[in-house]
Amino acid sequence: MGTPEFAVDVLRKLTQEPFVNLKLVVTQPDKPVGRKQILTAPAVKEFAQKVGIEVVQPEKLKNNEEFYELLKEINPDTIVVVAYGKILPKEVLEIPKYGCINVHASLLPEYRGAAPIQRVLMDGKEYTGVTIMKMDEGLDTGDILLQKEVKIENNDDILTLSKKLAEVGSQLLIETLRNIESITPVKQDHSRATYAPPIKKEEGKIDWDMCAKEIYNKFRALKIWPGIFTTFKEKLLKIHDMGIAQDNKDNINSNVPNGTVVEIDDSSIIIKVRDGLIRLKLLQLEGGKKIGARDFVNGYKIKRGDVLA
């Protein structure tokens with residue numbers, strides 16, 4: 001049971017293991033995507049169909065007797081859950097012989113919830129990891145089967161870190177399945193729990209009063225969706241690439257408002273923030289295309305002293 005690309009990496013690993021007999025893939029319904037609202041299948045569905053595994057996409061799980069009967073007919077040893085996106089009811093949790101096993105992209109009990117990878121990047125953490133957990137009726141509250149820590153590099157973003165965690169999670173899952181009868185589950189310390197709620201679109205808006213590192217962390221966490229954005233001349237301005245220019249605030253005029261263009265060079269537009277400078281390298285003004293900083297300066301006449309809001 002899974003939905004996004006992160007879950008595909010785990011599913012692919014399962015298909016490569018001779019001892020795993022995959023009977024069914026469960027994923028969320030197709031959804032409209034983009035400005036044209038084109039009905040699009042989840043990444044897991046596309047992969048499963050390519051390799052010839054049956055796929056079902058129930059609209060709901062609660063009180064879905066038809067779905068429960070399908071699972072009972074299959075009579076699985078376990079159900080593997082990876083970023084499925086829906087809470088599993090008790091009726092589903094109780095069907096598999098060894099229960100439902102979740103691959104969660106954090107070191108539980110930290111970052112329970114839907115967006116652990118984005119939140120750990122936004123928080124500027126140096127380490128995260130993967131937890132293999134036996135699911136219960138709570139939100140990521142089940143017993144821990146295996147865990148592994150993963151270092152977050154300074155240049156990691158949502159894409160690279162997701163790939164790392166999916167690879168580690170795949171390996172841990174296979175180890176778990178091979179040793180399912182001998183692993184001793186460990187209770188979580190609920191007093192240490194933190195939460196990673198779903199990302200909201202408005203979280204992509206840049207607050208130029210934040211520190212440079214905080215803004216950069218937001219960029220690398222949200223660059224796929226919803227992206228980060230500001231406004232220029234009352235139009236939405238998306239930022240597709242950025243970096244920290246300087247952390248030394250001593251060289252910056254403190255009277256200049258945060259969000260002000262303080263310098264322009266051949267490759268970037270440099271913006272003052274609370275404790276330093278941010279380089280904007282690839283930009284897209286509302287209604288336009290993605291372009292580099294130099295082309296943006298030439299095309300939209302942005303200049304020193306202009307303020308982004």
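User: Is tyrosine 111 buried or exposed, and what makes it so?

Analyst: The model is a predicted one. Tyrosine 111 has a relative accessible area of 6%. Buried means under 20%, so tyrosine 111 is called buried.

User: Where does tyrosine 111 lie, and what is said about its phi?

Analyst: Tyrosine 111 is in the loop between S6 and H5. Its phi is about 60°, which is positive although the residue is not a glycine. Proline 109 lies in that loop too, between strand S6 (100-104) and helix H5 (116-122).

User: What kind of peptide bond joins leucine 108 and proline 109?

Analyst: That bond is cis, with omega about 15°. Another cis bond runs from tryptophan 225 to proline 226, where omega is near 0°. Proline 226 is placed in the loop between helix H7 (212-222) and strand S9 (228-232).

User: Why is asparagine 63 called exposed?

Analyst: Its relative accessible area is 55%. Asparagine 63 sits in the loop between strand S4 (55-56) and H3. Its phi is positive, near 60°, and the residue is not a glycine.

User: What makes isoleucine 87 count as exposed?

Analyst: Isoleucine 87 has 54% relative accessibility. Exposed means over 50%, so isoleucine 87 counts as exposed. Isoleucine 87 belongs to the loop between strand S5 (79-81) and helix H4 (90-93).

User: Which residues does isoleucine 87 touch, leaving out those up to four places away in sequence?

Analyst: They are Leu61 and Leu139. A touch here means heavy atoms within 4.5 Å. From isoleucine 87 to alanine 245, C-alpha to C-alpha, the distance is 43 Å, and the two are 158 residues apart in sequence.

User: How do you know whether threonine 128 is buried or exposed?

Analyst: Threonine 128 has a relative accessible area of 3%. The limit for buried is under 20%, so threonine 128 is buried. Threonine 128 is part of strand S7 (residues 127-134). Beyond its neighbours within four places in sequence, threonine 128 has contacts that include Ala105, Val120, Lys148, Glu149 and Leu165.

User: Which residues have the most contacts inside the largest nonpolar core?

Analyst: They are Ile132, Leu173, Trp208, Met242, Ile269 and Leu280, in a core of 67 residues. Helix H6 (residues 158-178) gives the largest share of this core, nine residues. Apart from it lies another core, of 19 residues, among them Met1, Val26, Leu71 and Met135.

User: What makes a set of residues a nonpolar core?

Analyst: The residues must be buried, be of the listed nonpolar kinds, and be joined through side-chain atoms within 4.5 Å. In soluble globular proteins, nonpolar side chains tend to be buried together. As for contacts, leucine 280 touches residues that include Trp208, Met242 and Ile269, not counting those up to four places away in sequence.

User: How do the lining residues of the second largest pocket divide into nonpolar, polar and charged?

Analyst: There are 21 nonpolar, four polar and two charged residues in that lining. The lining has 27 residues, and Val20, Asn21, Leu22, Thr78 and Val80 lie nearest the centre of the pocket. H1 supplies the largest share, four residues. The space in this pocket is about 700 Å³.

How values were computed: Residues numbered from 1 in each chain as written. Predicted model: local features only at pLDDT ≥ 70, side-chain atom pairs only at ≥ 80, totals over all residues. Heavy atoms only, no water. Helix = DSSP H or I, 4+ residues; strand = E, 2+ residues; numbered from the N terminus. Buried < 20%, exposed > 50% of the residue type's maximum accessible area, 1.4 Å probe, protein only. 1 Å grid on protein atoms, 1.4 Å probe; cavity = no way out; pocket = protein on both sides within 12 Å on 5 of 7 lines; lining within 4 Å. Points joined across faces, edges and corners; volume = space filled by probe spheres on them. Nonpolar A, V, L, I, M, F, W, Y, C, P; charged D, E, K, R; others polar.
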